[in-house]
Every structure is written in C-alpha cells, then in structure tokens.
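Subject: Structure handover

Hello,

The structure is below, followed by notes on what was found in it. Please read the notes with the coordinates open.

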Amino acid sequence: MADYIIVGAGSAGCALAARLSEDPDVSVLLLEAGARDSSPFIHIPVGFYRMTGGPLTWGFRTAPQQHAMDREIPYAQGRVLGGGSSINAEVFTRGCPEDYDAWEAEFGCTGWSFADVQPCFLRAEDNDTLSGFWHGNGGPLGVSTQTPQRMTRAFVQACQQLGMPYNPDFNGSRQDGAGTYQTTTRHARRCSASVGYLKPALSRPNLSLRLTQQVVRIVVEHGRAVGVEITEHGRHVVLRAEREVILAAGAIGSPWLMLRSGIGPAEELRAVGVGVVADLPGVGRNLHDHYGIDLVYELAGPYSLDKYAKPLWMLWAGAEYALFRKGPVASNIVEGGAFWYADRDAPTPDLQFHFLVGAGVEAGVPKIESGSGVTLNSYAVRPRARGSVRLRSADPAEQPIIDPNFLGDPYDVQTATEGVMISRDIFNQPALKALIRKEHFPGERVRTRADFEAYARQYGRTSYHPVGTCRMGNGADAVVDPQLRVYGIQGLRICDSSIMPRLVSSNTNAPSIMIGEKGSDLIRGNRAVATAGVVPAEH
C-alpha cells in the first residue's frame, strides 16, 4: 500500500513523483509499463533518429484518416522510463502566454493562466545561458543553448530573407520569428524527466518504482478510487492507494485506462462489454494533435549530418563527442525553427516549423540514398478538428482506436497548406538555394495550391503532440476540474497532457512537465479537500 499511486513515468509522472516524494511523511508508488531507459541512444542527443519507432514505443497506429487519404498513420508514443521525454527531439518550447490565458478564460480552468503556471515552468528549468523573467536556473530540467550546424544557420538566414525577424529565444517576450531551438539537454546529454527528476529522487525510501507494469484497471469502490489492478505471475493483484490514484499515462494511455475501468461514455462502454462505473461522456473525446508535413531537399555537397552515416565519419563524430562532448553527436538534429503566420491577422503565430539537419530522420519521411539532405517540417499550431480515443474491445491487451481526425476542419487544411507553401518559399531564398541540388520530396510535380493541399493530405503525419482526451474545465464534456480531480470519482486525479483543454502553440514536453509540477502543488496544498469529488451542474 502507498499513499499515492501514479500510473505512468513519463514527462508529467516523473516530475509528479519526484515532487510528491519530497515530503518524507508520504509514500509514493510509480508504475511504468515500459522498461528502464538504458539504451545509449536515449542519452546522446543525436540518438533521436532511432526513437520514433521500435521497442521503446507502444506501436500505435491511427484509425484510417478520412481527410488524409484514409491512411493509418504510425503514432509513436513512448513506452519507456521517461516516456516521451526519453524519445523526443529534445526541443524545449512552452507555447505563448495566450495559450494558458485561454485555458482559464475560455474553458474555466481557474488557476491555469500564464501568470499562474509560469512559476512552475521556472521552477522546473535549469537554463545554461538565459535567466530573468522568462527563464529559471537550478531546476531539475536541464535546458541548453545549441551551437548550430552550417545548414541550420543558413535556414535561419533564409527565414530572415523571407521577412521573418531573427528570434534568439522562442520562450521569451515574443514567439514569432526564426532561430535555433533550446534543447532539454545538460552537458551534451539528454535531460529527460527520468534523468532530471526521477533518478535523483529514487534514493528516497518513500518512493518506489515498478517497471514493465501495465495497469489493467482502476479499482473503484463506493465511488472512490482505492487502487489499481495489475497482472503479476499470471494472476490479478490489487495495489491499494491510501490517499489517491493519479493517472499520468498521457493523452492516449490515460483515457484508455479510464475506459477499461468503466469510466467514460456509458453507451460506448456497454457496446464493447465494459461495465459502467461512471458515465463521463468526455473521456477519450477532444483528441487533437499537430499534423506535420515534411519537405526534403538534396544538398549540393556533404553539408548535413547525413555524411556521418559513413563509417569513417561516424568514428570521427563518436571520438569528438567522447573527448569533447561536442560535434554531430551532440546535435538533436532538429536544430532550427520558426513560428510564423499563415494568417497575418492572427494575434499570435499559427504555424511552427522544425528544420532537421538530415533526411529520413523520422519514421515515414523519405531518405536520400546517396548524398546529403535536410528536412523542413511545418504544422498548424492550433488545429480545430477534434478526434477520439475509444475501446476496440474489453480486452486490455487490444490497442485502442485512435482517431485524431487530422485535417477534419477546413481551417486546418488551409493553414497546413499555407505552411507547406511557406516551407518551399524558405528553400527558395538565397541562403539555402545556393546549397541545394534539388527538391527531393515532393518535387516539381507539386506546383499549385491544390497540389500542395493534396500533398498535405497524402503525406502529413503526427508530430507526437496528442492532448485533450481527459480535458480540464467545466461543461458536460469536461473530465477533470481545475484541481485535476476526476468528476464524480473520489480519490482519482489525472495529471498529464490529456487534461489540456486546447493544444499549446508549441511542442508539448515542457508543458507536460509543468502540469506535473502544478499537479504536485495542487495535491500537496489540497489534501484536506482532495476527495471532495465536486460535480458541476452540467454533469
């Protein structure tokens, strides 16, 4: 028995476990379905190229995407200690203040405005260069300023030639412009939530970690979550929580577990043979994600990291990293970026770009078989389409039906298309054009706006940022209140990216860690009312 059982040791779960266990008078049990983060490719920044598929992910695929050529798109989600923070591209962005202000103003998430969450961001951060109002120092999460490769510098110059201002800090007073990304690294090694938060805390006697432990269901007795059920040596075992069960399994994992436990839309649960414990219509709804579209260019010379695929260059790069902790191995590959406008009247940027100093880095993106290449990815930061996570059956071993409904809103189509067109415009600027042999993908066949739209539908993919499936706030489809308590079930909270009512205008790792920090404050500061189970009138 533990005071708190946390399900999921990803970005939010590691932060939450570390913070809660700072109190020696409570016991914390952290459960993770994946294995230890022992792969060396996790810890070297360039190892990201090995992370978007394989045994460290769940192997999910989407349902056929109606607006994206009915494709079943690979949907990488981390299944390893550290979760997404162990397999992502280490890009550190938080979104703009308006994102969080809208959570409070539009969705009823009292206490989640930017002014409220900024202290959590600052407390988490250990920036190696920046400080002051926008950045923290001394926190668990290492954040570093990169030394960019030649092609990344050319990309930033090309963006300026197109009319974007240079932005040295996407997490500062303004988001728009082009520059290089800060990364979640420390001393040229990945600083995942596992490395930064969890490992220093595991020496505490009140914190326990169990790996390769998938939870079958949440155990609810008389309207209260009292523990979780696992399978151990072929038999079902209940682990009991004295105070609370906290889900931190992510935007796919948390609703999947809720639904398997009979907490969700009653009719859907009955249809697959799951007994209804609580009728919560919003569980699994409101799924949305960044839909990224890539352009790949072949270079006129060996100017990108692709040249290090050759054995001699690979040995050179490995030696440089081993001796000096710098060079290609210290690169996260996704070095450059930009935030810009498809709609110049938008109050904040509606597009984000990622520049990769290589080709074929991520699963599904074309490689260049001989020579060197680079990749530019873009997406609409605030998609309007909404999808769902649903049960395929009552069998906990069967994967859920994941339907992000990519491009399911005309706004998303228009903005995504504009992003791809701007991407090509960037490559046509002098700083990049002089270094390029040809456009490898999609190539000259794509010329008109209709061509670009068709290309976006045929080749877009997840950017690994699903959110919203157990959304916070008020209204009939809300799942948790602003204290992260599940409506109608005492002793149960959710603390991960699934609670975001709307996707932030950036990558989601830093915001997920912030949610873990904020959740720990709510739990530690509200123990006396943690089981109030308040249900709004709409429910």
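**Helix packing**

Helix α11 (residues 410-427) packs against helix α13 (residues 449-459) at an angle of about 105°, and their axes are 9 Å apart. Helices here (H or I, at least four residues) and strands (E, at least two) are DSSP runs, numbered from the N terminus. Axes are lines fitted to C-alpha atoms, for helices over the stretch in contact, and angles run from 0 to 180 degrees between N-to-C directions. The two helices α11 and α13 are therefore roughly perpendicular to each other; angles under 35 degrees count as roughly parallel, over 145 as roughly antiparallel, 65 to 115 as roughly perpendicular and the rest as oblique.

On the α11 side the contact (heavy atoms within 4.5 Å) is made by V413, Q414, T417, E418, V420, M421 and R424. On the α13 side it is made by R449, F452, E453, Y455 and R457. By class, the residues of this contact of α11 with α13 are five nonpolar, two polar and five charged. Ala, Val, Leu, Ile, Met, Phe, Trp, Tyr, Cys and Pro count as nonpolar, Asp, Glu, Lys and Arg as charged, and the others, Gly among them, as polar.

**Basis of the notes**

This is a predicted model: local features need pLDDT of at least 70, side-chain atom pairs count only at pLDDT 80 or more, and totals for chains, interfaces and linings use all residues. Residues are numbered from 1 along each chain as its sequence is written, and side-chain values use heavy atoms, with hydrogens and water left out.

**Salt bridges**

The count is 26 salt bridges, a salt bridge being a side-chain nitrogen of Lys or Arg within 4 Å of a carboxyl oxygen of Asp or Glu. One of them joins E517 and R123, at 2.7 Å from N to O. E517 is buried at 0% relative accessibility, while R123 is partly exposed at 31%. The classes are buried, under 20% relative accessible area, exposed, over 50%, and partly exposed in between (1.4 Å probe, protein chains only).

Also in helix α14, D521 and R524 are three residues apart, separated by about one helical turn. Their salt bridge has its closest N and O atoms 3.5 Å apart. D521 is partly exposed, with a relative accessible area of 29%, and R524 is partly exposed at 29% relative accessibility. Shared partners join R19, E22, R123, E517, D521 and R524 into one network of salt bridges.

E221 and R240 form a further salt bridge, at 3.4 Å from N to O. E221 is in strand β13 (residues 215-221) and R240 in strand β15 (residues 235-247), 19 residues apart. Both are partly exposed: E221 has a relative accessible area of 34%, and R240 has a relative accessibility of 33%.

**Aromatic pairs**

There are 20 aromatic pairs in the structure. Rings of Phe, Tyr and Trp (its six-membered ring) pair if their centres lie within 6.5 Å; planes under 30 degrees apart count as stacked, over 60 as edge-to-face and the rest as tilted. Y100 and F121 are an edge-to-face pair, 5.7 Å centre to centre, with 70° between the planes. Y100 lies in helix α4 (residues 97-107) and F121 in helix α5, 21 residues apart. Y100 is buried at 0% relative accessibility, and F121 is buried at 4%.

The ring centres of W103 and W112 are 6.2 Å apart and their planes are at 50°, so this pair is tilted. W103 is buried at 1% relative accessibility, and W112 is buried with a relative accessible area of 0%. Ring pairs link Y100, W103, W112, F114, F121, F133 and W134 into a cluster.

**Backbone and loops**

The peptide bond between F441 and P442 is cis, with omega about 10°. P442 is in the loop between β25 (436-441) and α13.

Two residues other than glycine to look at have positive phi: H233, near 55°, and Y464, near 70°. H233 is in the loop between β14 (224-232) and β15, and is exposed at 77% relative accessibility. Y464 is in the loop between β26 (461-462) and β27 (492-494), and is partly exposed at 25%.

Regards
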